[in-house]
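Hello,

Here is the structure for you to look through. My notes on it follow below.

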Amino acid sequence: MPPRTIGEEFTKGLWHENPIFRQLLGMCPTLAVTNAVINGIAMGLATTFVLIFSSIVVSSIKKLIPNQVRIASYIVVIATFVTMADRFLAAFFPLISKDLGPYVPLIVVNCIILGRQEAFSSKNSVGRSFIDALGMSAGFILALLILSSIREILGAGTFLGHQFLGSWFEPWVIMILPPGAFITLGILIALTFVIEHKIKQRR
Amino acid sequence: MSLSSRMVIVLTSVGLISGALLSTVGILTKERIALNKQLEIENAIITVVQGTHTSEIIYEEKDLVVYGSKDENNQLIGFAVYASGTGFQDKIILMYGTNPTFTKIYRLTILEQKETPGLGAKITDKDAFLQFWENKDSSQPLTLRKPAARSPEELSPFEVNTITGATISSESVLNIVRLSLGKLMSLKKEGKLGNEE
């Protein structure tokens with residue numbers, strides 16, 4: 001396979017290797033915080049910060065780290081950035097930090113981040129790792145945005161806290177509860193597979 | 001260099017660098033985080049005892065803090081009570097304002113909760129829950145109205161509303177208020193709340 005262009009390195013995270021819809025990574029925060037669009041965006045941005053900086057650090061020190069302790073070192077690097085993001089949110093966005101609760105510290109164990117370090121940053125240059133992290137983060141934010149929009153609109157009748165559907169609409173409370181997350185995610189994953197299949201057939 | 005010494009050196013340096021970074025971030029954000037907490041409490045006091053000019057802690061124990069609220073003329077106009085207890089999922093932390101004799105509850109606000117989104121979490125919603133807690137008569141034990149009333153006018157002065165589908169959360173809030181009020185009455189009898197008159 002020929003090496004990917006920089007553009008392909010970025011766009012693969014959006015569709016072909018989308019962390020949520022195609023790789024099914026990072027399911028825990030995806031299911032937990034997408035009950036409101038604002039929470040989805042905040043989680044997406046916090047994860048983006050951690051993913052980009054961890055990828056830069058890991059790809060730049062990859063040659064120094066002995067293979068046997070690589071996972072431990074990556075986790076320490078990731079945990080450092082997660083704690084920084086957590087403190088930053090608590091200091092400057094206390095309301096969002098409260099809403100996200102334990103899910104910010106839990107970014108440490110988000111498989112997207114460790115997965116990218118292990119599968120990509122530890123084998124590629126700093127520049128490519130940065131682009132890869134950017135693409136994966138964009139794909140993650142996109143997925144959270146779609147999921148949380150559907151859940152908030154149907155579950156509360158609002159979008160970003162503003163009334164979206166009229167007063168005639170009786171909110172489907174189940175959509176902002178855990179089952180709503182599983183149902184919506186399941187349908188979205190099925191949809192992406194159908195679309196992917198159609199694209200392949202056309203080729 | 002042997003592999004094990006390389007492993008030790010790498011892990012130690014990664015740990016040391018991240019430790020240094022984290023303590024810097026910790027120091028830089030510590031004051032701001034404390035300030036946020038303090039602001040949140042101050043805002044809550046002004047919300048629950050309207051007209052508060054100054055407030056100070058007059059009693060403090062685990063899960064119960066009483067703030068005395070004074071107006072511009074330095075007259076005690078009420079107490080803001082910070083109390084917590086168990087909700088449906090996790091701890092609920094709330095604050096309510098009472099008059100100096102604890103016979104009236106001015107307002108209630110929720111500071112922290114992890115109730116079910118869309119159901120129990122409505123305890124933070126003004127229209128769905130908090131407005132039914134305004135100006136309640138606490139000279140008698142408060143009771144829960146079930147099934148829920150649609151407007152505050154339907155409730156008697158001793159009744160507070162239930163959220164449909166979240167009875168346990170509504171009950172938890174009532175219990176936290178009831179228990180803390182009981183505690184306050186006995187503290188007052190013991191003279192531990194100062195001479196408010």
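**Chain B: helices and sheet**

Helix 2 (residues 167-189) of chain B lies across strand 1, strand 2, strand 3, strand 4 and strand 5 of chain B, and runs at about 55° to strand 4 of chain B. Contact here means heavy atoms within 4.5 Å. Axes are lines fitted to C-alpha atoms, for helices over the stretch in contact, and angles run from 0 to 180 degrees between N-to-C directions. Helices (H or I, at least four residues) and strands (E, at least two) are DSSP runs, numbered from the N terminus.

This is a predicted model: local features need pLDDT of at least 70, side-chain atom pairs count only at pLDDT 80 or more, and totals for chains, interfaces and linings use all residues. Residues are numbered from 1 along each chain as its sequence is written, chains are lettered from A and ligands numbered from 1 in the order in which they are written, and side-chain values use heavy atoms, with hydrogens and water left out.

The open sheet of chain B has six strands in the order 1-2-3-4-5-6, with antiparallel pairing (two strands pair if DSSP finds at least two bridges between them). Strand 1 (54-61) and strand 6 (136-137) of chain B are at the edges with a single partner strand each, so one side of each has no neighbour in the sheet. Strand 3 (residues 76-86) and strand 4 (residues 91-98) of chain B are antiparallel and joined by eight bridges; B:Ala83 has B:Leu94 in strand 4 as its bridge partner. Helix 1 (residues 3-48) of chain B also packs on the sheet, and its direction makes about 155° with that of strand 5 (104-112) of chain B.

**Interface of chains A and B**

In the interface, 23 residues of chain A are in contact with 22 residues of chain B. The area buried between the two chains is about 2,000 Å², 77% of it from carbon and sulfur atoms (buried area is the accessible area, 1.4 Å probe, that two parts lose on being put together, summed over both). A:Pro66, A:Ala91 and A:Lys98 supply 22% of the area that chain A buries against chain B, more than any other three residues.

The rule finds one salt bridge across the interface (a side-chain nitrogen of Lys or Arg within 4 Å of a carboxyl oxygen of Asp or Glu). The side chains of A:Lys98 and B:Glu40 form a salt bridge at 2.5 Å, N to O.

**Backbone**

A cis peptide bond joins B:Lys146 and B:Pro147, with omega about -5°. B:Pro147 lies in the loop between strand 7 (143-145) and strand 8 (159-161) of chain B.

Regards
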